[in-house]
Amino acid sequence: MEQRLHQTRGERTRWVVYIVVLVTVLSKASGQIRYSISEEVTEGTVVGNIAKDLGLERTTLKERGYRIVYGTTEPPFRVSQDNGILYVNRKIDREEVCDRSKVCVIDLKTVLENPLEVHYVAVEILDVNDHAPSFPENEKILEISESALPGARFQLQAARDADSGSFSVQQYKLSHNEHFRLEVKDRGEDRKTPSLVLQKPLDRESAKTHVLLLTAIDGGKPPRSGNMTIIVNVLDVNDNNPIFTQESYTVHLKENSPLGTTVILVNATDLDEGPNGEVVYSFGNDVDARARSRFDLNSVTGVITVAGEIDFEECSRYEIDVQASDKAIHPLSTDKSVVIHIVDVNDNAPEIEVTSFSHAIPEDSKPGTTVALISVKDLDSGLNGKVICYLSQDLPFTLTPSLQSSMYSLVTKVLLDREQQAQYDVTIIGKDAGEPSLSSDKTIQIDLSDVNDNSPVFSQNPYTFYITENNNPGASILSVTARDDDEGSNSLISYHILRYRGGEHSLASFLNVNSENGHITALKSFDFETVKTFQFQVVATDSGTPSLSSNVTVNVFILDQNDNAPVILYPVSSNGSAEGVEEIPRNVNAGHLVTKVRAYDADIGYNGWLLFSLQEVTEHSLFTLDRYTGQIRTLRSFTETDEAEHKLVILVKDNGNVSLSATATVIVKVVEPKEAFAASDVKSATKDDEENNVTFYLMITLGSVSALFLISIIVLIAMQCSKSTDYTSKYLQETNYDGTLCHSIQYRSGDKRYMLVGPRMSIGSTIVPGSHANTLVLPDRRRPSGEIV
């Protein structure tokens, strides 16, 4: 006997070990892995290798922070970041975790970061037969009238087993007797209710008491059992049982019904008279404490009312045994089941949980990039528990349902631009399908990190600056500014000048730009007479990786200063001084042209506009000087009393703010007509040579200016046709040249044309304010506004 018991215990031990070791991967559908393991196994027991079953690289688990997400309590399992194996973290009692559920499953979420992955693992806890059946009481006393007929049923309290499934109570056995047999009613959900059925009439005179042994046996191998002693006391007479008016009672009750709400009325009658026919109602012996706390039964009227909180999510169905008994000394009773179905009411709002969230994403993230994982649940059932999630407003994000019905992914739906909006407040709304529906919301904040996707932009393009000549070398002459819509190092701008070899950009080598603020300094002094305009390019580069840049063209116009004194062209003596001798006959009339003083000023505009005046003259009544042309003429005829020689000192002065001047001396000799003719013959030859030389130089000058004018006209027409720039320069020779050389430069800016002129101004010309009186606004030749001289 001892050897057999030892063998049985050895088989049981091996069976438990096999259950612990055997872990089966049940399902991988919808991205979920399912394992099973027995309850009560020791801490550290291997459940399964998640990394291997999911095909994850074990070497990256620790780097990616592989972990289990399990609410606020300590998870019953832990996963190793070294090998991806799932271990039991603490001893698991299936009855504590799942009460009496047929299937006990613990759902786990495993998360890997960078990139984000979520996997679902379900671990089924298998039951072990570690509890024996037990009755609520060890001894049950029944009082049965001797008049009870065969077939009378006496319901007993069922045994309870904390285990479930096949390890719960499977059968009842009654000790052998000739009066009673056992009948078991299977009510599902591991509930089997035993009843004694009278199969032979009782005779109190033969036996007053019958002692029976009821045994409950579970389905374990080996099975466990529990016993209850039943003592039957035989009573006398009262031979009619109460009879219910309905075969069955079924009712539907809404959850959250207020206290005192009538659930149902049960009614039973008894054919006996007096106390034996008066019926009272009570809950059956098999009604559990939870049902007793939720409902009240009026013992007189048979009305069942609500006595506690009715919650569908706690229990959706109650089956209550109601016992109708008479008031006889030895009462008879009848049991009837009342089934109460709890109707779900939409009283639970959806719960939204952000399981994983990236607070900042790059602005160049592609559409479809996952920002967060959202899980939602509703404790209600049916339509009341069906939840739809959506975003509260139109944002560049969308919710995408995942393989799990209660999971959503918040992803980008378009390309993002941090420069337009750097931060988003995304409100997620979960709304169930109940009537009326309930909803809840959750707001998450998403920041966009900057990407270097914007090139620097200059405040003007192109830049146009006007600077006066003779500037101080090393001083700042102009400044350019650029901005970058990016942030941080991506918006930090540095400047440099684009260098060319030779050509029109050679002046750029004499410029220097401050790389931080864009201030440009000149390393040399500019001379208007040497260069009047030049162009260069400045490049702005940000500090991003890779860096972006843009360039801008800078047009610089040199403004003239009065830095050149007038130069006397005639008269000029042989030693180079501005002196000359003119002989005229005494018999000339008034208005006779004696000579003409010719002068030149390298400056332009008012700085080169020359005026002539007599600084010194021996006889004011004899000679006059034209203020603008420099012509010396006689005012009257000579008389005998007039001296034969006159000295005229002519002052030639420009019109600059600080004018510069030169003087010329003309000696006028008055001779007799015969001498004048003789002298004129001798002098004419010399003067012809001088005139020829002057004319030759004037022709060269006029030819050069005319050629430059024609070239400027051609370039201007070409630039107007190509629309490449709005700035044109050309040099014009004054058409009515009267002996005084001057410059004219004309350029266009927008709809206005400007001309820097010499001695003569055209009719209708206007001085531009702020130009030091050197610049004239010319009427548009396309409009009938007057002739430009």
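**Starting from T553**

Mentor: Gladly. Leaving aside residues up to four places away in sequence, T553 touches N461, P462, Y463, Q535, F536 and Q537, where contact means heavy atoms within 4.5 Å. This is a predicted model, in which local features need pLDDT of at least 70 and side-chain atom pairs count only at pLDDT 80 or more, while totals for chains, interfaces and linings use all residues. Residues are numbered from 1 along each chain as its sequence is written, and side-chain values use heavy atoms, with hydrogens and water left out.

Trainee: Is T553 buried or exposed?

Mentor: Buried means under 20% relative accessible area, exposed over 50%, and partly exposed in between, using a 1.4 Å probe and protein chains only. T553 has 19% relative accessibility, so it counts as buried.

Trainee: Which side chain makes a polar contact with that of T553?

Mentor: A polar contact is a pair of N or O atoms within 3.5 Å; within protein, one must be able to donate a hydrogen and the other to accept it, and residues adjacent in sequence count only if both atoms are side-chain atoms. Here the partner is Q537, at 3.4 Å. T553 itself lies in strand β40 (residues 549-559); strands (E, at least two residues) and helices (H or I, at least four) are DSSP runs numbered from the N terminus.

Trainee: What is the order of the strands in the open sheet of three?

Mentor: The order is β17-β21-β20, with antiparallel pairing. β17 (262-265) and β20 (295-297) are at the edges with a single partner strand each, so one side of each has no neighbour in the sheet. β20 pairs with β21 (residues 303-306) over three bridges, and D296 stands opposite T305 in β21.

Trainee: How many helices and strands does the protein have?

Mentor: There are five helices and 54 strands. Of the 789 residues, 43% are buried. Among contacts between residues at least 6 apart in sequence, 64% join residues at least 24 apart.

Conventions: Pairing = 2+ DSSP bridges.
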